[in-house]
Amino acid sequence: MPKKKIHTGGCLCGAIRFEADAPAAKPHTCSCKMCQRHTGSLTATWVEFPREAVRWIGPSGSPSTWRSSEISSRAFCGTCGSSIGAIDDQPTVALLLGAFDRTSAADLRPAYHSYKGGRPKWWCIEIRET
């Protein structure tokens, strides 16, 4: 039987750590203004997991959250401020790829780009088919 893939990651200071033991869904990049302000970057890179597949294993437990819309809360470390992702009202946890320990897994590779119009014209995002 093949070994189950577990993705791990956490914040800058290590107080928030996670394990996700399901295949990543909807890997994509996004340049909407909300993602830009949440991450401080022109483009965020996301993957989604079912809520029951994500375990918060660091010493601070689950991340702090801030209600960012009618359907979601942004997740971050209350100690160092690192952005971790978003916890949606639907049973989904969207995690920022920069928080992962290893980012080269095939199921983490972005497949599309959301809100391209939110990026400056000089900012080039290329999603290549594999």
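Is Cys13 buried, exposed or partly exposed? Cys13 is partly exposed, with a relative accessible area of 40%. The legends below walk through this predicted model one close-up at a time.

**View 1. Confidence along the chain.** The average pLDDT of the chain is 91, and 93% of the residues reach at least 70. Strand β2 (residues 17-20) has the highest confidence, at 98. Strand β10 (residues 112-114) has the lowest, at a mean of 90.

View 2. A disulfide would need the sulfur atoms within 2.5 Å. Cys32 is in no disulfide either, as its nearest cysteine sulfur, in Cys35, lies 3.6 Å away. Cys32 is buried, at 15% relative accessibility. The disulfide count comes to zero.

**View 3. Ser31 and its surroundings.** Next, look at the loop between β3 (25-30) and α1 (33-39), where Ser31 is found. With a relative accessible area of 0%, Ser31 is buried. What does its side chain reach at 3.3 Å? The side chain of Ser31 reaches the backbone oxygen of Leu42. Beyond its neighbours within four places in sequence, Ser31 is in contact with Gln36, Leu42 and Thr43, and also with His113, Ser114, Tyr115, Gly118 and Arg119.

View 4. Now find strand β8 (residues 83-88). Five of its six residues are buried, so β8 is largely enclosed by the rest of the structure. On one side of the pairing, strand β7 (residues 72-76) runs antiparallel to β8 and is joined to it by five bridges. Ser73 has Ile87 of β8 as its bridge partner. Six residues lie between β7 and β8 in this hairpin, and Gly81 in the turn has a positive phi of about 85 degrees.

**View 5. From β8 on to β9.** Strand β9 (residues 92-96) pairs with β8 in the antiparallel sense, over three bridges. Which residue of β9 stands opposite Ile87? Val93 does. β8 and β9 form a hairpin too, with three residues between them.

Technical notes. Residues are numbered from 1 along each chain as its sequence is written. This is a predicted model: local features need pLDDT of at least 70, side-chain atom pairs count only at pLDDT 80 or more; totals for chains, interfaces and linings use all residues. Side-chain values use heavy atoms; hydrogens and water are left out. pLDDT is the predictor's confidence in each residue, from 0 to 100. Helices (H or I, at least four residues) and strands (E, at least two) are DSSP runs, numbered from the N terminus. Buried means under 20% relative accessible area, exposed over 50%, partly exposed in between (1.4 Å probe, protein chains only). A polar contact is a pair of N or O atoms within 3.5 Å; within protein, one must be able to donate a hydrogen and the other to accept it, and residues adjacent in sequence count only if both atoms are side-chain atoms. Contact means heavy atoms within 4.5 Å. Two strands pair if DSSP finds at least two bridges between them.
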